[in-house]
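Student: I've got this model open and want a quick walk through it. Can we take it piece by piece?

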Amino acid sequence: LIAANVVAPSALSFYLEYGTRPGVYGSQSTPVDLAANQPKEIDLKGLAAGTRHYYRMRFKTAAAAGYDAGSEFSFMTARPAGSSFTFGVQGDSHPERLRQMFDPVLYNRAMQNVSADQADFFIMLGDDFSVDTINQANPRAVTQPQVVERYTIQRPYLGIIGRTTPIFLVNGNHEQAARYLLDGTPNNVAVWAQNARNAYYSQPAPDDFYTGNT
């Protein structure tokens, strides 16, 4: 199973078509409507294990007569145990710290290099969505839109690799999603942070493939 997470600047209808050979798409997802700037997650099921799959998006606006075709990309499903594979790891990218710890040109180049490697998966070790620096003078004044903005900053960069490589996120201390920060209400920075992660970056949850704490 592969989860595709799609965001667009304007409303449209879309579906994904996919198959195991370039340019040959024997399967497709059900068309769904996408609101402007609101992420939508869809699952691609019935995939062959240990196989490279090729896909493209078909999309149209409400006024369009037919669906346009996007570029073709590919991904690799889980390989058999004992097989060799390629993966990437990063941490502390801090895109909010422009000209201090972050250079967008170099980060873009790094993402392009990862994409060229066609890694089987990519793990982010934390401090890539720093929430605690939004308002250090008055942390209680932080708002949900500000937290969400921290997660949208990364979309243009992680989209470079996410269209070919599954991305798995780990919370760092700067993400402010630790249990001790919960206060029993939904209007809480830790809840906002985790909800933003779940919305913009599809993450594993316990099902017939993944095990874990519900």
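**Loops, helices and rings**

Student: Where is Arg99 found?
Tutor: Arg99 sits in the loop between strand 9 and helix 1. Helices (H or I, at least four residues) and strands (E, at least two) are DSSP runs, numbered from the N terminus.

Student: What should I know about the model itself?
Tutor: The model is predicted, so local features need pLDDT of at least 70 and side-chain atom pairs count only at pLDDT 80 or more, while totals for chains, interfaces and linings use all residues. Residues are numbered from 1 along each chain as its sequence is written, and side-chain values use heavy atoms, with hydrogens and water left out.

Student: OK, back to Arg99. Buried or exposed?
Tutor: Arg99 is exposed, at a relative accessible area of 72%. Buried means under 20% relative accessible area, exposed over 50%, and partly exposed in between (1.4 Å probe, protein chains only).

Student: And what is the phi of Arg99?
Tutor: Positive, about 65 degrees, although Arg99 is not a glycine. Most residues other than glycine have a negative phi.

Student: Arg97 next. Where is that, and what does Arg97 touch?
Tutor: Arg97 is in the loop between strand 9 (87-90) and helix 1. Leaving out residues up to four places away in sequence, Arg97 touches Phe102, Thr133 and His174. Contact means heavy atoms within 4.5 Å.

Student: Is Arg97 buried or exposed?
Tutor: Buried, with a relative accessible area of 18%.

Student: Switching to helices. How do helix 1 and helix 3 pack?
Tutor: Helix 1 (residues 104-117) and helix 3 (residues 155-162) pack at about 15 degrees, with axes 8 Å apart. That makes helix 1 roughly parallel to helix 3. Axes are lines fitted to C-alpha atoms, for helices over the stretch in contact, and angles run from 0 to 180 degrees between N-to-C directions. Angles under 35 degrees count as roughly parallel, over 145 as roughly antiparallel, 65 to 115 as roughly perpendicular and the rest as oblique.

Student: Which residues make that contact?
Tutor: From helix 1: Pro104, Tyr107, Asn108, Met111, Gln112, Val114 and Ser115. From helix 3: Tyr157, Leu158, Ile160 and Ile161. By class, that gives 8 nonpolar, 3 polar and no charged residues. Ala, Val, Leu, Ile, Met, Phe, Trp, Tyr, Cys and Pro count as nonpolar, Asp, Glu, Lys and Arg as charged, and the others, Gly among them, as polar.

Student: What about helix 2 and helix 4?
Tutor: Helix 2 (residues 144-152) packs on helix 4 (residues 189-200) at about 40 degrees, with axes 9 Å apart. The two are therefore oblique to each other.

Student: And who is in that contact?
Tutor: Helix 2 brings Gln144, Val147, Val148, Tyr151 and Thr152. Helix 4 brings Val189, Trp192, Ala193, Ala196, Arg197 and Tyr200. They divide into 8 nonpolar, 2 polar and 1 charged.

Student: New topic. How many aromatic pairs are there?
Tutor: A search of the whole structure finds 12. Rings of Phe, Tyr and Trp (its six-membered ring) pair if their centres lie within 6.5 Å; planes under 30 degrees apart count as stacked, over 60 as edge-to-face and the rest as tilted. One of the pairs is Tyr55 with Phe73: centres 6.1 Å apart, planes at 45 degrees, so tilted.

Student: Which parts does the Tyr55 and Phe73 pair tie together?
Tutor: Tyr55 lies in strand 6 (residues 52-60) and Phe73 in strand 8 (residues 73-76), so the pair ties together parts 18 residues apart in sequence. Tyr55 is buried at 13% relative accessible area, whereas Phe73 is partly exposed at 25%.

Student: How are the rings of Tyr55 and Phe75 arranged?
Tutor: Their centres are 5.8 Å apart and their planes at 45 degrees, so that pair is tilted. Phe75 is in strand 8, 20 residues from Tyr55. Both Tyr55 and Phe75 are buried.

Student: Which rings form a cluster?
Tutor: Phe85, Phe87, Phe121 and Phe168, linked by ring pairs.

Student: Last one. Where is Phe14, and is Phe14 buried or exposed?
Tutor: Phe14 is in strand 2 (residues 12-19). Phe14 is buried, at 0% relative accessible area. Among the residues that Phe14 touches, not counting those up to four places away in sequence, are Val6, Pro31, Leu34, Met57 and Tyr67.
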